[in-house]
Amino acid sequence: MRTEREPGMTDEEVLPFRALGDPVRWVLLRHLAAARGEVGASELGNIVTVGQPTLSYHLAVLREAGLTERRKEGRQHFHRIRPEAMWQLAEILETGLLRDPAAGEQTTA
């Protein structure tokens, strides 16, 4: 299924929303947000029912979308949410949803 993106949205703006389109990644991001700090990959593996390679894939998608960061310590990987990315998403939603698509202007509530 091919989806059209909003005219004027950059790939950088669209990528995080595509990353959040998967239920596993949504659960991982919510867990990281609730943790308010770093979470080990093994702990994240305990909250989703996917294998380690699939977990690594989903974490990479979140990282490549700019939503999370990873720190390696030896063989362990620690992940954290990027708060600034959440603010950027909120800004995109606010400006994108309040704009009248027909007029290309913002609407008032």
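Trainee: Why is Glu69 called partly exposed?

Mentor: Good place to start, and keep in mind that this is a predicted model. Glu69 has a relative accessible area of 30%. Buried means under 20% and exposed means over 50%, so Glu69 falls in between and counts as partly exposed.

Trainee: What makes Arg82 and Glu69 a salt bridge?

Mentor: Their closest N and O atoms are 3.6 Å apart. The cut-off is within 4 Å, so the pair qualifies.

Trainee: Is Arg82 buried or exposed?

Mentor: Its relative accessible area is 19%. Since buried means under 20%, Arg82 is buried.

Trainee: Which residues form salt bridges with Arg71?

Mentor: Glu38 is one of them, at 2.6 Å from N to O. That pair links distant parts of the chain, with Arg71 in strand β2 (residues 68-73) and Glu38 in the loop between α2 (23-35) and β1 (39-40), 33 residues apart. Glu73 is another, its closest N and O atoms with Arg71 being 2.7 Å apart.

Trainee: Why is Glu73 called partly exposed?

Mentor: Its relative accessibility is 46%. Exposed would need over 50% and buried under 20%, so Glu73 is partly exposed.

Trainee: How many salt bridges does a search of the whole structure find?

Mentor: Five. Salt bridges that share partners join Glu69, Arg80, Arg82 and Glu84 into one network.

How values were computed:
Residues are numbered from 1 along each chain as its sequence is written. This is a predicted model: local features need pLDDT of at least 70, side-chain atom pairs count only at pLDDT 80 or more; totals for chains, interfaces and linings use all residues. Side-chain values use heavy atoms; hydrogens and water are left out. A salt bridge is a side-chain nitrogen of Lys or Arg within 4 Å of a carboxyl oxygen of Asp or Glu. Helices (H or I, at least four residues) and strands (E, at least two) are DSSP runs, numbered from the N terminus. Buried means under 20% relative accessible area, exposed over 50%, partly exposed in between (1.4 Å probe, protein chains only).
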